[in-house]
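Reader: Before we discuss the assignments, please show the sequence and the structure.

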Amino acid sequence: MEQLDLLVLRSARDWASEGHRMLLATVVRTWGSSPRPPGALMALREDGRTVGSVSGGCIEDDLVARYTRLEGGAGMPVGRPERLRYGVSADEAHRFGLPCGGTLELVLEFQPELNVLIDLVARLERGELVRRCLSLSDGQVTLTQGTVDAALYCDDDRLETPLGPGYRLLLIGAGALAEYVATMALFNGFEVTICDPRPEQRASWGLASVRWQSGMPDDAVVAFGADSRSAVVALTHDPRLDDLALLAALESPAFYVGAIGSRRNDRSRRERLTLHFGATPTTLKRLRGPIGLYIGSRTPAEIAVSVMAEILAVKNEVSLPIAWSVAQAKDNAEAIGVRRLASV
């Protein structure tokens with residue numbers, strides 16, 4: 001679940017409590033290239049105000065024209081949920097700004113029940129996993145306990161949407177690079193937690209909207225409770241802080257575990273983890289390092305772009321060419337340099 005979707009649900013709750021008429025739109029299916037994935041949410045108020053997104057903007061404009069009194073629309077209806085499909089024809093795809101013939105289907109529910117919205121938002125703010133089941137025949141909603149990695153389901157009778165904690169990132173170390181990585185992670189909808197037992201590092205931290213985990217990093221990893229939507233990145237360059245934290249993270253279901261450092265530092269780290277802590281080749285295969293995609297980055301901001309790009313690629317299950325790795329790219333550059341010297 002994206003942080004934007006939680007904002008949508010909060011807005012829907014607030015609008016309903018203030019007596020506004022509104023609808024909640026959910027993307028339920030996509031074909032081809034589409035701007036937003038299944039499960040994406042948007043709330044539309046009777047006066048045309050929107051929160052969230054189901055496309056790049058043109059479909060939102062069409063919903064405003066259809067369901068508000070702006071632009072001569074009929075106003076906000078009541079009754080059972082409706083299904084809408086956009087982009088079926090090439091003309092519609094062009095009209096609604098859907099790329100490459102993309103098509104998406106929406107379910108619209110009108111005037112969601114306030115008490116259910118209050119309960120749902122409260123559960124999500126407590127960090128619970130929730131499965132929201134909408135009856136397409138009468139608009140009734142039930143909330144049940146969700147599960148990790150549950151998928152959206154929609155048939156002719158009901159829409160079941162998994163909601164709950166979105167992607168999370170735990171950063172070990174609170175230096176300058178960590179601030180840039182945290183900024184990019186927040187921008188991409190991650191909830192960010194920082195652990196650094198060094199008081200001077202925490203005192204100089206300048207970014208709000210992150211959580212702090214106290215104690216030593218390995219204990220912080222355990223307390224963090226990494227799941228399959230979690231990433232753990234060590235950024236201190238200090239083996240006393242990084243090594244045990246990485247071991248704890250590698251034993252978790254985290255989808256990404258990595259550490260900053262040069263190729264030499266990465267080799268030394270793997271040797272330490274094997275020699276002193278009994279890490280196996282299978283375990284260390286999950287450890288990413290040197291982290292990031294090779295873009296020739298030098299500054300902390302550029303390195304953060306590299307690191308976050310790799311995290312997002314792994315999150316989105318993109319198979320990355322080995323040539324894009326920092327280690328391989330630098331090995332290739334050195335090999336080319338040696339060949340050039342030999343040819344002189």
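Predicted model: local features only at pLDDT ≥ 70, side-chain atom pairs only at ≥ 80, totals over all residues.

Reader: How many helices and strands does the protein chain have?

Author: The protein chain has twelve helices and 15 strands. Helices (H or I, at least four residues) and strands (E, at least two) are DSSP runs, numbered from the N terminus.

Reader: Why is the pair of tyrosine 67 and phenylalanine 110 called tilted?

Author: The structure holds four aromatic pairs. For tyrosine 67 and phenylalanine 110, the ring centres are 5.7 Å apart and the planes stand at 50 degrees, so the pair is tilted. Rings of Phe, Tyr and Trp (its six-membered ring) pair if their centres lie within 6.5 Å; planes under 30 degrees apart count as stacked, over 60 as edge-to-face and the rest as tilted.

Reader: What makes this pair a link between parts of the chain?

Author: Tyrosine 67 belongs to helix α2 (residues 58-67) and phenylalanine 110 to strand β5 (residues 103-110), so the pair ties together parts that are 43 residues apart in sequence. Both tyrosine 67 and phenylalanine 110 are buried.

Reader: What is the geometry of the aromatic pair formed by tyrosine 167 and phenylalanine 255?

Author: That pair is edge-to-face, with 5.8 Å from centre to centre and 90 degrees between the planes. Tyrosine 167 lies in the loop between β9 (158-163) and β10 (168-172), and phenylalanine 255 in the loop between α8 (239-250) and β14 (256-259), so the pair ties together parts that are 88 residues apart in sequence. Tyr167, Phe190 and Phe255 form one aromatic cluster.

Reader: Why does phenylalanine 255 count as buried?

Author: Its relative accessibility is 18%, so phenylalanine 255 counts as buried. Buried means under 20% relative accessible area, exposed over 50%, partly exposed in between (1.4 Å probe, protein chains only). Tyrosine 167, with a relative accessible area of 22%, is therefore partly exposed.

Reader: Which residue lies over the face of tyrosine 167?

Author: Lysine 315 does, at 4.9 Å from the ring centre. A charge sits over a ring if NZ of Lys or CZ of Arg is within 6 Å of the ring centre and within 35 degrees of the ring normal. Arginine 168 lies over the face of phenylalanine 224, at 4.1 Å from the ring centre.

Reader: Is threonine 193 buried or exposed?

Author: Threonine 193 has 4% relative accessibility and therefore counts as buried. Threonine 193 is part of strand β11 (residues 191-195). Leaving aside its neighbours within four places in sequence, threonine 193 is in contact (heavy atoms within 4.5 Å) with residues including Leu169, Arg211, Trp212 and Phe224.

Reader: How do you know whether proline 199 is buried or exposed?

Author: The relative accessibility of proline 199 is 63%, so this residue counts as exposed. Proline 199 is found in helix α6 (residues 199-203). The C-alpha atoms of proline 199 and alanine 174, 25 residues apart along the chain, are separated by 9.8 Å.

Reader: What share of the 344 residues in the protein chain is buried?

Author: Buried residues make up 45% of the 344 residues.

Methods: Residues numbered from 1 in each chain as written. Heavy atoms only, no water.
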